[in-house]
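Let us read this structure together, one feature at a time. Keep the model in view as we go.

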Amino acid sequence: MSLTPLLDTLFPQGHRVQVAGQVITGEATTAEGAVAVLGTTDAAAIDHRMALALAGFVLDTVERYPGRPLVFLVDTSGQALSRSQELLCLNGSLAHLAQCVDLARRQGHRSLSLVTANAVSGGFLSFGLMADRAYALAEAQVRVMDLRAMARVTKIDHERLLRLAEVSPIFAPGAESYRRMGAIEAIWAEPDAGLLSAALAEADASDRRMAEGRSRGGRQLAEVVAHTVEMAVAA
Amino acid sequence: MSIPRHSYFEATARRRLAGLLDAGSFREILPPAESTPSPHLASLDLPGAFDDGVIVGSGRLAGKPVLVISQEGQFMGGAVGEIHGAKIVGLLRRAVAEKPAAVLFLIDSGGVRLHEANAGLIAISEIMRAVLATRAAGVPVLALVGGSCGAFGGMGIVAKLCSAILISEEGRLALSGPEVIETVAGVEEFDAKDRALVWRVTGGKHRYLMGDCAALVEDDIASFAAAAGAWLAGQQEAGPSLAALRATQTQLENRVAAYAAYRDGLQVWAALGVQNPESVPLLDRDSLVAIKEGLPT
């Protein structure tokens, strides 16, 4: 779905959103009140400029509109793959963006992200996965790497990965795997203003992805292991 | 008299901890005898490790209580899978309650473990939030980067979320590995076999000169211990603030505006004011620190 009909559907009460160089910034009205809208479009490969534009907009929102919820629209193919980007420490700019989102959370801004098309690897980590809760549209592609590339890198037979992907959400690409593992709260059949408002009302600052992943059967070990380490009696 | 050096780069994760912490002070949490290897690797008929490639625990550094995380680069490239990631998150949450003087995070990792790709990516996201929660609770998290796998992928982001990074010349810090960039964008974009170029773009000296790392340390476990102790003595975790992030934002924007066209460390170092940039790869640690300290700010 292209951006304008998506925005019209998510925010029927109105929106004012700009797109510059694949970066979305603006505001919209929801049943929960005014929200900041930001994200990327057209499978953006996140570079310094995009990360800093998003980070700056988060800081502006924290400064000018205390408490205003943040709605992230996620469409990223990952991070920009270039020597000049790495030379200037791209991981540092992505970390800065993540810190800005975390600051907003600590200052009382609820946040949710909606994966509209693609969510891949580093581009997803710095932003979509930093929201209080993440959601995905049914047709969204969520992954670290596709199985063919994974077969090449891990030197494991592609057929075998395909068979395992049918039973294991641990490495099968797709939004449903991420839902079962607790990182995506729910998958929406289509964009929906009512679901968005309900999701905003539910968002809270706790990271409960491990518990969700366990109760949904996708990640059986993480919560138990983390809890054991956290609570172990000192020797 | 010369003191025998123990290369941090070549040491195992356990050896690094033993050399870093006060003698006899290390206590492992969830040691191999109480743990199980990754069932996800087993389902691919791959050998696992009882510690899943990361050691967590407590100890003392220069007399101060610390919690520690040490990734084993020699197992699966230090990459983060479900158990590996959960051990790190659990340790960071423990730090929020226990309030040690610091968490020492010995990063040696290529990022997500592809064999458990989704679990690894989500775990790194949980580590990111846990690092920031630990710092917000007033506990500094100090990253040490000097192992054979560096800090790449999501672990490169995690490193930059820590309070500070100590790095050796041999340490590397970046997002995408040079091999990945070469594979996708071509050898003209990044020749991953050109070791000198890789170091000029991702290596410890470059990151230190650019201010992305707080200190440059010799490739020696005792030097890392001394630098970590010194850093800890002068550190107060400030907690997140709008003003601090605004300042970082301005600094990063200025840097991108000034240097966006460059593709080699040599160009950036010249622009920073380094007199003989081509000499930088040959300089020893102390000479480079002297140059950095003499640069205009």
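Q: Which residue in β7(B) is the bridge partner of B:Ser168?
A: Strands of a sheet pair through backbone hydrogen bonds, either parallel or antiparallel. Here the partner of B:Ser168 is B:Val217. This is a predicted model, where local features need pLDDT of at least 70, side-chain atom pairs count only at pLDDT 80 or more, and totals for chains, interfaces and linings use all residues. Residues are numbered from 1 along each chain as its sequence is written, chains are lettered from A and ligands numbered from 1 in the order in which they are written, and side-chain values use heavy atoms, without hydrogens and water.

Q: In what sense do β6 and β7(B) pair?
A: Two strands pair if DSSP finds at least two bridges between them. Strands (E, at least two residues) and helices (H or I, at least four) are DSSP runs, numbered from the N terminus. Strand β6 (residues 164-168) of chain B pairs with β7(B) in the parallel sense, over three bridges.

Q: In what order do the seven strands of the open sheet in chain B come?
A: The order is β1-β2-β3-β4-β5-β6-β7, with mixed pairing. β1 (27-29) and β7 (215-217) of chain B each have a single partner strand, so they stand at the edges.
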